[in-house]
Amino acid sequence: MIRLKIISPQKELLAADAELVELPGTLGRFQVLKGHAPLISSTDAGMVRYVQAGENHEIECPAGFVEVRDNCVTLCVG
């Protein structure tokens, strides 16, 4: 499992366990699976998609930055 957290300066927007996460990177969309290498990247505004218990979910987010580390995806948005 991957822990997905989406946070803004005002509040936590989402905290969920996911099987995969797909993000709108500034150089194109990319997926994060369990065991992904650590990274920090910028993101564009757009849809963040994730699979939880076999079901697809999505949430629209403004641009920001993402950190992937130790099966945790933390997206900080403005």
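How exposed is Arg 29, in terms of relative accessible area? Arg 29 is partly exposed, with a value of 39%. One thing to know before we start: what you're looking at is a predicted model.

Let's begin on the inside. The largest nonpolar core has 18 residues, and the ones touching the most other members are Ile 6, Val 21, Leu 23, Val 73 and Leu 75. Where do those core residues come from? Strands 1, 2, 3, 4, 6, 8 and 9 each give two or more residues to this core. As general background, nonpolar side chains in soluble globular proteins tend to be buried together.

Pick out Leu 75 and look at its surroundings. Leaving aside residues up to four places away in sequence, Leu 75 touches Lys 5, Ile 6, Ile 7, Leu 23, Thr 43, Val 48, Cys 61, Phe 65 and Val 66. Two names in that list, Ile 6 and Leu 23, also belong to the group of core residues that touch the most other members.

Strand 3 is mostly covered, with five of its six residues buried. On one flank, strand 3 runs antiparallel to strand 4, and six bridges join the two. A hairpin of two residues takes the chain from strand 3 to strand 4.

Time to turn to the charged side chains. In general, side chains of opposite charge can pair when their charged atoms come close. A search of the whole structure here turns up five salt bridges. One of them joins Asp 17 and Arg 3, at 3.2 Å from N to O. Asp 17 sits in strand 2 and Arg 3 in strand 1, so this pair ties together parts that are 14 residues apart in sequence. Asp 17 is partly exposed at 37%, and Arg 3 is partly exposed too, at 33%.

Back to Arg 29, as promised. Its side chain meets that of Glu 22 in a salt bridge of 2.6 Å. While Arg 29 is partly exposed, Glu 22 counts as buried, at 19% relative accessibility. Another salt bridge, at 3.1 Å, brings together Arg 49 and Glu 58. Arg 49 is partly exposed at 33%, and Glu 58 is partly exposed at 48%. These four residues, Glu 22, Arg 29, Arg 49 and Glu 58, are linked in a network of salt bridges.

A last stop is Ser 8, in the loop between strand 1 and strand 2. Beyond its neighbours within four places in sequence, Ser 8 is in contact with Leu 13 and Val 77.

Conventions:
Residues are numbered from 1 along each chain as its sequence is written. This is a predicted model: local features need pLDDT of at least 70, side-chain atom pairs count only at pLDDT 80 or more; totals for chains, interfaces and linings use all residues. Side-chain values use heavy atoms; hydrogens and water are left out. A nonpolar core is a set of buried Ala, Val, Leu, Ile, Met, Phe, Trp, Tyr and Cys residues joined through side-chain atoms within 4.5 Å. Buried means under 20% relative accessible area, exposed over 50%, partly exposed in between (1.4 Å probe, protein chains only). Helices (H or I, at least four residues) and strands (E, at least two) are DSSP runs, numbered from the N terminus. Contact means heavy atoms within 4.5 Å. Two strands pair if DSSP finds at least two bridges between them.
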